[in-house]
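The structure comes first, and the notes follow.

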Amino acid sequence: MPSGDLHTGVNLLALVGIAGPLAALHVAQDLLLPLAAGYLVGTLLITPDLDLAGHVRVRARRNWGVWGDLWRPLNLFVRHRGVTHTYVRGPLLLLGYAGVLLALPVAALLAVDRVLGVTLRVPTPGGPLLAAALAGYLIAYWLHLWLDGYRPWNVRRW
Ligand SMILES: [Zn+2]
């Protein structure tokens, strides 16, 4: 099984191999940038190996900096190379977990906003941008699984 550094290196090289031809084909930057951003999130921040975050300091957990310990509880209910190393359930679980993590500070900000009476404006990206970011995230995630030796035609890995 590849090391975390090898996963990161292969994913970053593949990003060049994906984004280069798309740019050459004149795919709009408005889609390329969120695709690349989602891909980088799937490569550097929210990876299948966060299932090890409670045991060792995996690179993705380190990349979260002081927030890395927020991923530790994940391994209380998943085992390494279990559900996080599946093609559909894994990304859904990790994105849901990240959503909960991000919802906490947003709720705190909204509470402060309500107390102070300040109107907080949060930019909300449109559907195509979110779809491009999700596609980028999934490509990075699925490349990780492929390198780990898990193939999408194994239905148990969905
Ligand atoms: Zn892995």
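**Pockets and spans in a predicted model**

The second largest pocket holds about 180 Å³ of space, while about 220 Å³ lies in the largest pocket. This is a predicted model, in which local features need pLDDT of at least 70, side-chain atom pairs count only at pLDDT 80 or more, and totals for chains, interfaces and linings use all residues. Residues are numbered from 1 along each chain as its sequence is written, and side-chain values use heavy atoms, with hydrogens and water left out.

**How the pockets are defined**
- On a 1 Å grid over the protein atoms alone, a pocket is an open set of points where a 1.4 Å probe fits, with protein on both sides within 12 Å along at least five of seven lines; lining residues have an atom within 4 Å of a point.
- Grid points are joined across faces, edges and corners, and a volume is the space filled by probe spheres set on the points.

**Second largest pocket**
- Its lining includes Pro34, Val41, Leu95, Pro125 and Tyr137.
- H2 and helix H5 (127-147) each supply at least two lining residues, and H5 has the largest share, with five; helices here are DSSP runs (H or I, at least four residues), numbered from the N terminus.
- By class, this lining has ten nonpolar, one polar and no charged residues, where Ala, Val, Leu, Ile, Met, Phe, Trp, Tyr, Cys and Pro count as nonpolar, Asp, Glu, Lys and Arg as charged, and the others, Gly among them, as polar.

**Largest pocket**
- Of the 18 residues that line the largest pocket, Gly4, His7, Thr47, Asp49 and His144 lie nearest its centre.
- Helix H1 (4-24), helix H2 (29-45) and helix H3 (59-63) each give two or more residues to this lining, and H1 gives the most, with four.
- The lining of the largest pocket has five nonpolar, ten polar and three charged residues.

**Spans from the record**
- The unreviewed UniProt entry lists residues 12-29, 35-53, 92-112 and 127-147 as "transmembrane region"; such annotations may be inferred rather than shown by experiment.
- Residues 92-112 are 100% helix and 0% strand (E, at least two residues), with end C-alpha atoms 30 Å apart.
- Residues 35-53 are 58% helix and 0% strand, and their end C-alpha atoms lie 26 Å apart.

**Asparagine 75**
- Asparagine 75 sits in the loop between H3 and helix H4 (89-116).
- This residue counts as buried (under 20% relative accessible area, 1.4 Å probe, protein chains only) because its relative accessibility is 14%.
- Beyond neighbours within four places in sequence, asparagine 75 is in contact (heavy atoms within 4.5 Å) with Asp51, Gly54 and His55.

Note on methods. Buried < 20%, exposed > 50% of the residue type's maximum accessible area, 1.4 Å probe, protein only.
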